[in-house]
Amino acid sequence: MGINSIELAGPLKALPPVDFCCAYGSSLLSNNTDKSSMVDYIIGVADPEKWHAENFERNKIHYSRWMSILGPKMITCVADKIGVGVHFNPFVEWRDKIIKYGVVRMQDLALDILTWDRFYLSGRLQKPVHVLVDNWDIRKVNLVNLKAATCAALLLLPPVFTEEDLYVKICSLSYMGDLRMQFAEDKDKVKKIVQGSFRTFQLMYKPLLKEYAAEGLLEFGYHPHSTFQQDCGLSATTSLFSSLPSAVHRRMFWGKHRPVMTVWQVKYHQNFSLPLESRLLAVFSKHCGV
């Protein structure tokens, strides 16, 4: 790990062992001169209740008064039943900085990445993060997540677009249902994230884009400002749609617990009902990401 990663991993020394950890936040972007804002951590553990019990012994001060009263078992239950499977400890002091860390069960993390059922952590991992504790299983399933995010973005983009347009669309997927983006957050937040980590977006997504180019779904040059062109025909649309997680299929047409449609049913609804793009936007606008 580089010097920056070593510094970022510092808080982990005070916590119980973890199976996966990544850090993110606006202060980590290269184009952000304000380095004082909070750094967020996502921590994956095998058994959250056991982990919180050990963390209570080490860092009970990290928990709010009510969470301290509830205890590890109820904290885990609230995260599972009411929240999105993640318990966050915000405003934790670490040396001269303020951090926030969220704890999630490894199985739930992998499931959300694959299915987008909650589209919370999966949306976060579609954007650049600093991986501090790597996990091979999470890395493998996240490749599926990145491919699905690319497909969703292409379905929402016009036939001709730029590379930045693509990454902005990918980055915006998990913010579409976030009310903060409409009322409180910086309106240019998504674009600033992309511009501040453009090279990392390329490292994440360029191999997938080359695969789509090889399949004839996409055409682009290799100079920095080249224009992208995509095939918007039925075959290409079907191929992109089939790579979306089943949770998106269900919510687009039948609701959360209905069967997935066939591609011909999809085409029928494209012709005689709301356009595919409108249905996709409706799905993502109901989620709030990080």
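Predicted model: local features only at pLDDT ≥ 70, side-chain atom pairs only at ≥ 80, totals over all residues.
1. Residues are numbered from 1 along each chain as its sequence is written, and side-chain values use heavy atoms, with hydrogens and water left out.

2. Five strands form an open sheet in the order β3-β4-β2-β1-β5, with mixed pairing. Strands (E, at least two residues) and helices (H or I, at least four) are DSSP runs, numbered from the N terminus; two strands pair if DSSP finds at least two bridges between them. On average, neighbouring strands are turned by 25° against each other, direction ignored.

3. β5 pairs with β1 (residues 20–24) in the antiparallel sense, over three bridges. Within this region, Cys22 stands opposite Val131 in β5.

4. Helix α4 (residues 106–115) lies across β1, β2 and β4, and runs at about 85° to β4. Angles run from 0 to 180 degrees between N-to-C directions, and axes are lines fitted to C-alpha atoms, for helices over the stretch in contact.

5. Helices α7 (residues 163–172) and α10 (residues 198–214) pack at about 95°, with axes 11 Å apart. They are therefore roughly perpendicular, a term covering 65 to 115 degrees. Contact (heavy atoms within 4.5 Å) involves Leu166, Tyr167 and Ile170 among others in α7, and residues including Phe198, Phe201 and Leu209 in α10.

How values were computed:
Parallel < 35°, antiparallel > 145°, perpendicular 65-115°, else oblique.
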